[in-house]
Amino acid sequence: MLYRSNHSPLRAASSLAALAFALAATPSFAQAQTQTQTQAQPASADTDSARSAGEDDLHNRQVGPDGVIVVTAPGLEQLDVLAGTSLVEGRELQREMNGQIGEILAKQPGVSATSFSPGASRPVLRGFEGERVKVLIDGIGAIDVSNTSADHAVSVEPLTAERIEILRGPAVLLYGSQAIGGAVNIIDKRIPTRRLNEPFHLDVLAEADTAYDLRSGAASLDLPLGEYFVAHVDGSYRNTNDLEVPGFTLSPALRADILADVAEETAEGNLEEAAELQEAADQRGILPNSYTETYSVNGGLTLFAGESNLGFSAGYYDSAYGVPGRPGTGHAHGDEGGEEGEEEGGEEQVSIGLKQFRADMRGELALGDGFFSMLRTRVGYSDYTHTEFEGDEVGTVFDVAGIEARAELVQNDSGRLGGTLGVQYYYRDFEAIGDEAFVAPNRTDQFAIFALQEYDLDFFQIEGAARYEMANIESVPLGVERDFDLFSGALSLVYEPGGDDRLRIGITGSRAERAPGGEELFANGPHIATQAFEIGNVDLTKESAWGLEGFVRGEVGPATVSVSVFQNWFDDYIFLQATGAEEDDLPVFQYLQSDADYFGIEGEVKLPLVQSDRFTLGADLRGSYIEAKLDDGTPLPRIPPFSALAALDAGFAGIDGRVEVQYFGEQDEIAPFETTTDDFTFVNASLAFSPLRGNDLVRVMVKADNIFDVTGRRHASFTKDFVPLAGRNFKVSLLASF
């Protein structure tokens with residue numbers, strides 16, 4: 001089903017894509033982004049020096065020679081407007097590695113995860129999820145259906161990721177009006193971005209653990225082909241069984257409801273139904289139907305010519321995972337140890353299989369010393385199929401074909417003024433097929449122009465970002481077509497007390513507008529995977545928000561500090577709310593609109609405690625708090641509670657250790673028909689070392705998560721009452737770079 005003739009995603013994008021390819025195909029291309037090239041080690045840097053530092057000389061792009069953090073998302077290297085940006089790579093990425101991108105990032109300030117199941121968990125940024133958080137692959141959207149529903153996995157294999165950037169704040173709107181909450185930019189290795197100064201470069205990652213019964217591995221290989229080309233190939237495989245959890249799988253409140261149903265069915269003489277419900281209430285230790293199996297393969301090729309480059313890649317992603325069912329509904333599942341598709345108690349297990357073919361292009365054309373220094377082009381195409389199974393029977397099939405293209409002109413640094421101008425096009429053709437296809441077929445066209453400008457006044461910097469977007473969303477079967485004109489902008493003032501980058505204090509004001517998504521407009525039917533009957537509203541208007549954010553980032557004495565405080569005032573905020581009604585034996589959720597306010601604070605402090613040639617000890621403190629309510633004071637649904645993390649990092653004789661305590665507060669400010677979520681605390685520890693003497697590029701890590709086997713549930717999850725987080729988990733991983 002991957003290659004279909006009935007989709008035409010290039011029909012309106014062809015001219016833009018052709019222009020991007022034509023511009024990128026001229027004989028001279030920029031080898032690296034301007035900011036990245038000036039801050040990161042050049043490709044010809046001494047390999048032995050990099051290896052002695054214990055870093056990968058090819059793929060490490062985090063810190064440049066001047067110590068400045070490099071962010072590779074095009075147009076956002078200057079971080080000021082973003083205010084709250086987090087980077088996950090290297091040891092931290094190895095330590096937090098997971099099959100789902102949301103779980104990898106859940107320890108970062110201001111980040112939670114949907115945690116729908118072990119096979120599907122999307123990031124939640126500042127309390128925003130779904131349509132308001134954009135997942136990018138090197139600056140281009142994932143082009144899947146993960147934004148459609150919490151049970152849909154992101155079609156990205158983190159095993160092959162080089163680094164992950166969390167981008168928050170109004171400047172992220174340069175990547176789409178949908179990204180009001182922020183964006184996650186995943187930098188992978190599919191398109192080589194620099195020349196190779198060695199015969200080959202091989203990266204290998206292997207993992208195993210106990211709670212998921214995980215077995216996974218990935219490898220990537222880069223090869224120089226003559227003087228001008230670098231080729232890349234990678235592959236990965238991940239397999240897990242049903243998840244081990246502490247205690248009962250059901251929350252105390254849901255278990256009490258199920259036991260009340262047991263008593264009622266028993267009193268009515270329905271002994272078989274009572275026995276099934278009793279079995280579900282007593283389920284503990286294992287989360288049924290939570291297995292996953294994923295593999296991916298990718299290849300890429302880049303031409304380097306002078307200071308410029310042009311690269312292409314193609315890849316295939318395949319994932320299958322079980323969807324744990326909510327007891328007491330028409331799609332409840334049975335006990336532990338069930339095989340995929342097995343019927344238990346007369347009910348069939350729900351599972352999801354998704355496949356994606358993806359092709360990408362990236363070009364960087366050096367323009368010399370004029371007003372513009374570079375033209376960047378980026379194009380991504382996706383053909384995606386997502387199938388929901390009821391046992392062995394096909395329930396619903398989601399087909400998506402789409403393209404996203406960007407072209408950006410980067411200005412030369414003219415002393416005080418710098419910035420980027422660009423255009424972007426996005427097209428998605430969405431179709432759901434089956435008896436329980438809850439969203440009508442629809443097409444989305446978006447065209448936008450955007451700009452980011454910075455003016456330097458020595459101790460002060462003024463930054464502005466603006467985006468104008470035209471969006472057309474049409475459902476032919478329903479005879480509905482909606483057009484939206486959207487404008488978003490931000491203005492930031494940054495003060496540098498020392499006149500350098502060591503400490504930045506700033507304030508940002510913003511105005512953002514977002515069009516409703518196809519699912520918010522056209523949903524109307526039962527969704528078996530989420531166990532909900534979802535109802536959209538074709539009359540939804542655009543969502544808009546005023547925002548104000550203050551931040552402090554940089555060095556305060558020996559400490560490194562990043563703290564942000566923000567407030568958003570929404571007009572016509574779109575949200576999915578439980579109604580208390582039932583349809584087809586499923587709870588009804590409806591998309592509504594109302595004014596709403598968001599307030600939040602998030603921060604991180606890293607403090608060195610002991611520093612010597614042989615021993616280092618440092619503290620890492622993180623925390624976030626979010627409050628989100630409708631204008632009438634009603635709390636919005638699925639808002640994460642207060643959370644905090646405190647950790648100690650130690651290094652001695654080539655061994656790195658970390659001990660951390662994570663606290664998640666109780667969430668009792670809940671929306672109608674929501675349930676409260678209890679507080680819990682996880683204690684985790686890890687140890688990393690290099691088994692080969694003198695070679696720091698082979699690293700073994702052993703870790704223990706949730707050491708005291710505590711039951712934890714994320715309030716942002718639709719399934720929190722019957723899908724707890726993993727219990728005690730021991731994990732070992734090997735990361736090697738040659």
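This is a predicted model: local features need pLDDT of at least 70, side-chain atom pairs count only at pLDDT 80 or more; totals for chains, interfaces and linings use all residues.
Colleague: Let's start with α6. What makes its length agree with that of a helix?

Modeller: Helix α6 covers residues 252-267, which is 16 residues. At 1.5 Å a residue they should span 22 Å, and the end C-alpha atoms are 23 Å apart, so the two values agree.

Colleague: Which residues of α6 are called buried, and why?

Modeller: They are L254, R255, I258 and V262. Buried means under 20% relative accessible area, so each of these four falls below that cut-off.

Colleague: How do you know where on the helix they lie?

Modeller: Look down the axis of α6: the buried residues fall within an arc of 100°, so they line one face. An α-helix has 3.6 residues a turn, so residues three or four places apart point the same way. That buried face of α6 packs against β11 (243-248) and α7 (271-281). On the other side, P252 and A267 are exposed, the term used for residues over 50% relative accessible area. After the helix comes G269, with a positive phi near 85°.

Colleague: What makes β6 and β7 a pair?

Modeller: Two strands pair if at least two bridges are found between them. Six bridges join β6 (residues 161-167) to β7 (residues 182-188), so they count as a pair, and they run antiparallel. Within this pairing, R163 stands opposite I187 in β7.

Colleague: What joins β32 to β31 and β33?

Modeller: Ten bridges join β31 (residues 643-652) to β32, and nine join β32 to β33. Both pairings are antiparallel. A650 stands opposite G657 in β32, while F664 stands opposite F680 in β33. β31 and β32 form a hairpin with two residues between them, and A653 in the turn has a positive phi of about 55°.

Colleague: Which elements supply its lining?

Modeller: Among those giving at least two residues each to the lining of the largest cavity are α4 (90-96), β10 (229-240), β32 (655-664) and β33 (680-689).

How values were computed:
Residues are numbered from 1 along each chain as its sequence is written. Side-chain values use heavy atoms; hydrogens and water are left out. The expected span of a helix is 1.5 Å times one less than its number of residues. Buried means under 20% relative accessible area, exposed over 50%, partly exposed in between (1.4 Å probe, protein chains only). The arc is that of the directions from the helix axis to the C-beta atoms. Contact means heavy atoms within 4.5 Å.
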